[in-house]
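Okay everyone, thanks for coming.

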Amino acid sequence: MKIFSRLYQQVMIWAMHRHAPVYLSLNSFAESIFWPVPVDVMLAPMALSKPKRAWYYAGLATVFSVLGACFGYLLGYALWDPVVQPFIATMGYEGKIDVARQWFEEWGIWVIFIASFTPIPYKVFTVTAGLLHMALLPFVLVSLVGRGLRFFLVAGFMVWGGVRMEAKLIRYIDIIGWLCIVAAVVAYLMLKS
């Protein structure tokens with residue numbers, strides 16, 4: 001099924017839209033709190049379509065992602081019982097929060113770096129950091145480093161690869177898309193158990 005090829009073409013159209021930086025910023029903010037669409041999905045084609053603006057886009061994604069993380073932290077810190085906990089229960093995510101707590105106990109601040117840099121759901125850890133009343137300044141600094149590394153690497157790969165990268169991406173986009181779905185399901189099952 002060539003679902004991802006069609007989606008890629010649509011995302012490239014959005015990436016060239018004059019409001020694309022606004023969409024990227026909103027997606028980056030929301031993805032750190034609740035939104036399931038990874039920032040990379042928008043950032044990569046934007047960096048590819050306008051390589052001279054790639055570092056600007058990576059910077060926007062980093063700043064707005066960390067601002068969203070701070071909002072998620074605030075939700076966990078101040079509004080856990082009245083807002084977040086009922087939402088978590090409704091979505092059936094109690095197990096994910098329990099896993100996040102265990103990871104915080106085991107790895108401390110490093111879990112924020114891991115979650116901010118890898119495909120692990122960062123949003124779970126931003127809210128949990130607030131719930132556990134983690135010190136805000138280290139949370140922000142580690143988030144800036146982790147998110148910055150991730151987004152600047154994505155932008156860098158797109159700039160470095162250029163047209164060759166796009167040709168390979170188009171050729172393998174459906175395989176990559178399905179592999180990402182399998183990886184997300186595996187990650188979800190690992191967090192659930």
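So, start with the largest nonpolar core, which has 24 residues. By nonpolar core I mean a set of buried Ala, Val, Leu, Ile, Met, Phe, Trp, Tyr and Cys residues joined through side-chain atoms within 4.5 Å; buried is under 20% relative accessible area, with a 1.4 Å probe and protein chains only. Among the residues with the most contacts inside this core are Trp 80, Phe 104 and Phe 125. Two or more residues each come from α4 (54-78), α5 (80-91), α6 (94-107), α7 (110-117), α8 (122-131) and α9, and α8 gives the largest share, six residues. Those helices are DSSP runs (H or I, at least four residues), numbered from the N terminus.

Before I go on: this is a predicted model, so to speak of local features we need pLDDT of at least 70, and side-chain atom pairs count only at 80 or more, while totals for chains, interfaces and linings use all residues. Residues are numbered from 1 along each chain as its sequence is written, and side-chain values use heavy atoms, leaving out hydrogens and water.

There's also a second, separate core of 18 residues, including Ala 54 and Phe 151.

Now look at Ala 155, in helix α9 (residues 136-192). Is Ala 155 buried or exposed? Buried, with a relative accessible area of 0%. Beyond its neighbours within four places in sequence, Ala 155 is in contact (heavy atoms within 4.5 Å) with Ala 47, Ala 54, Trp 55 and Ala 58.

Last, confidence: pLDDT, the predictor's confidence in each residue from 0 to 100, averages 86 over the chain.

Technical notes. Buried < 20%, exposed > 50% of the residue type's maximum accessible area, 1.4 Å probe, protein only.
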